[in-house]
Amino acid sequence: MILLSFIIALMLTIVPMPGWAQEFRPEWTALILLYWSLALPERVGVGVGWLAGLFQDALLGTLLGQHALAFALIAFLALRLHQHLRLVPIWQQAVVVLGLLLIAQLVIFWINGIIGRPAPDWQAWAAILIGATIWPLIFHIMRGVRRRFQVQ
């Protein structure tokens, strides 16, 4: 189920959308990575984040390793915070997820700046807000999946 959820997240990352909506697409793979890092930190960690990021880089045709670095970093931070985050209300988790998605996006912006790509418009920041806003929904759906299929 863990692998299947990452495959679905990667598929959602490349689903065609209207041009105006592209920048508002949440970072599905990062959200799934954060969920599994918090729910099963002994099974999903920095290595899984790195691999998920590499797959996303390959799918999107971006610089190989930029999402890998960003996802490995947020997986590491989620692992460091997982014991505390499991005890807080979902809205507080959403605030932390907002911060983690912001960190991932800043790493990607930084790498793009190093290689000379222009900075994206304000819509890229909207995707972070949308990701944090839908975190409670993602959390409840994934928790239901984890319980239904008894993923331990």
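Analyst: Tyr35 and Phe139 are both buried. Buried means under 20% relative accessible area, exposed means over 50%, and partly exposed is in between, with a 1.4 Å probe and protein chains only. Phe139 has a relative accessible area of 16%, so this residue counts as buried. The model is predicted: local features need pLDDT of at least 70, side-chain atom pairs count only at pLDDT 80 or more, and totals for chains, interfaces and linings use all residues. Residues are numbered from 1 along each chain as its sequence is written, and side-chain values use heavy atoms, with hydrogens and water left out.

Now the rings. A pair of aromatic rings is described by the distance of the centres and the angle of the planes. Rings of Phe, Tyr and Trp (its six-membered ring) pair if their centres lie within 6.5 Å; planes under 30 degrees apart are stacked, over 60 edge-to-face, and the rest tilted. Searching the whole structure gives four aromatic pairs. One of them joins Tyr35 and Phe139: centres 5.8 Å apart, planes at 70 degrees, so the pair is edge-to-face. This pair links distant parts of the chain, 104 residues apart. Tyr35 sits in helix α2 (residues 28–39), Phe139 in helix α7 (residues 135–148). Helices here are DSSP runs (H or I, at least four residues), numbered from the N terminus.

Phe139 also pairs with Trp135. Their ring centres are 6.1 Å apart and their planes stand at 45 degrees, so this pair is tilted. Both residues belong to helix α7, four residues apart, or about one turn of the helix. Trp135 has a relative accessible area of 0%, so it is buried. Together, Tyr35, Trp36, Trp135 and Phe139 make up one aromatic cluster.

The axes of α2 and α7 are 10 Å apart, and the two pack at an angle of about 55 degrees. Axes are lines fitted to C-alpha atoms, for helices over the stretch in contact, with angles from 0 to 180 degrees between N-to-C directions. For reference, under 35 degrees is roughly parallel, over 145 roughly antiparallel, 65 to 115 roughly perpendicular, and the rest oblique. The crossing of α2 past α7 is right-handed. Right-handed means the near helix is turned clockwise from the far one by less than a right angle; anticlockwise is left-handed.

Which residues make this contact? Contact means heavy atoms within 4.5 Å. From α2 come Trp28, Leu31, Ile32, Leu34, Tyr35, Trp36, Leu38 and Ala39. From α7 come Trp135, Ile138, Phe139, Met142, Arg143 and Arg146.

At 0% relative accessibility, Leu34 counts as buried. Beyond its neighbours within four places in sequence, Leu34 contacts Ile74, Ala78, Val97, Leu100, Leu101 and Trp135. Leu77 is 43 residues from Leu34 in sequence, and the C-alpha atoms of the two are 9.5 Å apart.

Helix α4 (residues 66–85) and helix α5 (residues 90–114) have axes that come within 9 Å and cross at roughly 155 degrees. So α4 runs roughly antiparallel to α5. Their crossing is right-handed. Ile74, Leu77 and Ala78 are among the α4 residues that meet α5, and Leu100 is among those on the α5 side.

With neighbours within four places set aside, Glu27 touches Gln56, His67, Phe71, Leu101 and Gln105. Gln56 belongs to helix α3 (residues 46–60). Its relative accessible area is 1%, so Gln56 is buried. Not counting residues up to four places away, Gln56 contacts Leu10, Thr13, Glu27, Thr29, His67 and Phe71.

Arg148 lies over the face of Phe149, 5.5 Å from the ring centre. The test is NZ of Lys or CZ of Arg within 6 Å of the ring centre and within 35 degrees of the ring normal. Gln150 lies in the segment after α7. Is Gln150 buried or exposed? Its relative accessibility is 62%, so Gln150 counts as exposed. Phi of Gln150 is near 50 degrees, a positive value in a residue other than glycine.
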